[in-house]
Amino acid sequence: MSTWVSPIRRGWVVRDSVPGPDVDEFAEPDQVITALAQPGAADGTLLAVQHPHRTPAARAQGLDLHAALPIAHTALNDLRASHYRPVTDVVGLSWGKGTTGSALGLLCVVDPAAVNTDGHAWVRHTEEVYPDVVAERAAMLSGLGCATSAAMLVPVDGGEQFTRLLCDAVAQLGAPAMSLPDARLWLAGKGELQDRLIEAACAQSLLVADGNHRVAAAAEAGHGSLLALITAGPDLRIGPIHRVLVGTGLSLDDLAGRWRRIGLDVQATDDRTPPQTPGTVVVVAGDAAVQVKLPGVDIDHRQVESVLIEQALGLDPAGPKVWPLPPGRPARPDADAVLLIAPVPLADVLAVHAAGQRMPRKATYFTPKPRSGLLLAEIPSTG
């Protein structure tokens, strides 16, 4: 049997609910800092463990990530002792419910650097990543020695069969090891069922649906131990990740004028909702909005970054004046404008993958997302 997918050799399953805010709820450092400043958020929570240098106490002392790691270790040990129980040689079957449906997946350990007989990686990134984010997460993973949240990986093909296999396994296992209103977790130990689940997970390449930075960080950390949730649904959805312009000093009229000067079709609109099909972008600023017709047939997010932002405005799409905005979240209060982008069809994601390319950074928002903190996995040291 292939060894690039394996059980969690040493882990910890939550006894009840995961304390504190969801580790993966916050996309930006300033959001983490704000969340940790709330009463109780920095005391005995996974968010504080994952971002020890962003707690109020660490910031007051001027601690960087390396200096704050001993604090994270102590906090993690206390958290595991108070809210978790140890497990060995298990895979998890994790069910989660979101606003658009539910998904059942296999929680296991994956080697993100493993390649098949053709020399291609089994785990395929779907989006470009920010190198500084990858470096920080790799340092945190190596220093902590424990993965607290899973990347979501989707089989390129055979998703329905994989989901049926997981449903049959859940029926065989019976009562879950942990149950919440919107999440359940079953554990499969050593034996025929676990072998069958791992064999199915190894059967084909996997796309990174959520957690491109976590996958890249695990590969950079070099331990070959990525905590992953492999899932095909049954109700996976792709939402858009919009763009927010901050600190540009440009009004909506200024933006519209610059876009028109490069030949784009820009029209005022009363519709302030995100477009549902690719090809147009709705730009909202205050009480006004315009609709911009995109010029080409490329992925909308790439056109927004390369044409609307970089070419027309002279801004770095990865710079401090351009922020990603997941669906359903409010824009920053100091936003100059919000560029609302249509969701990327799954067929386009697969076509980009088939061509050996990647989506633009922060282009796809798969839901429902894995619930972080249900099952922690030790990351073995290579030293």
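Analyst: Happy to. Keep in mind that this is a predicted model. Let's start with a charge over a ring: R184 lies over the face of W95, and the distance to the ring centre is 4.8 Å.

User: Which residue has its charged end over the ring of W323?

Analyst: That's R332, sitting 4.2 Å from the centre of the W323 ring.

User: And rings with rings? How many aromatic pairs does the structure hold?

Analyst: There is one aromatic pair. W4 and W122 make it, with 5.0 Å from centre to centre and 10° between the planes, and the pair is stacked. It also ties distant parts of the chain together: W4 belongs to the segment before strand 1 (5-6), while W122 is in the loop between strand 4 (101-110) and strand 5 (123-124), and 118 residues separate them.

User: Are W4 and W122 buried or exposed?

Analyst: Both W4 and W122 are buried. L206 counts as buried because its relative accessibility is 1%.

User: What about cysteines? What is a disulfide, in general?

Analyst: It's a covalent bond that joins the sulfur atoms of two cysteines. To call one here, the two sulfurs must lie within 2.5 Å.

User: How many disulfides does that rule give?

Analyst: The count is zero disulfides. Take C108, which is in none: its nearest cysteine sulfur belongs to C202 and is 8.1 Å away. C146 is in no disulfide either, with the sulfur of C108 as its nearest, 16 Å away.

User: Where do C108 and C146 stand on burial, buried or exposed?

Analyst: C108 is buried, at a relative accessible area of 0%. C146 counts as buried too, at 1% relative accessibility.

User: Now helices. How are two packed helices described?

Analyst: You give the angle between their axes and the distance between the axes.

User: Which residues make the contact between helix 9 and helix 10?

Analyst: From helix 9 you have L255, R258 and W259, and from helix 10 it's L308, A312 and L313.

User: Why is helix 8 largely enclosed by the rest of the structure?

Analyst: Count the buried residues: helix 8 (residues 212-221) has 10 residues and eight of them are buried, so the helix is largely enclosed. Among the buried ones are N212, H213, R214 and V215. The cover over these buried residues includes strand 5, helix 5 (131-144), strand 7 (151-155), strand 10 (206-210) and strand 11 (226-234).

User: Which two residues does the cis peptide bond join?

Analyst: G233 and P234, with omega at about 25°. You can find P234 in strand 11.

User: Could we finish with loops? Where does P181 lie?

Analyst: P181 is in the loop between strand 8 (178-180) and strand 9 (183-188). Its relative accessibility is 78%, so P181 counts as exposed.

User: And H51, is it buried or exposed?

Analyst: H51 counts as buried, at 14% relative accessibility. This residue is also in a loop, between helix 2 (46-50) and helix 3 (56-61). Setting aside its neighbours within four places in sequence, H51 is in contact with V32 and L36. Along the chain H51 and A68 are 17 residues apart, and their C-alpha atoms are separated by 8.8 Å.

Terms used
Residues numbered from 1 in each chain as written. Predicted model: local features only at pLDDT ≥ 70, side-chain atom pairs only at ≥ 80, totals over all residues. Heavy atoms only, no water. Buried < 20%, exposed > 50% of the residue type's maximum accessible area, 1.4 Å probe, protein only. Helix = DSSP H or I, 4+ residues; strand = E, 2+ residues; numbered from the N terminus. Phe/Tyr/Trp six-rings, centres within 6.5 Å; stacked < 30°, edge-to-face > 60°. Lys NZ or Arg CZ within 6 Å of the ring centre and 35° of its normal. Contact = heavy atoms within 4.5 Å.
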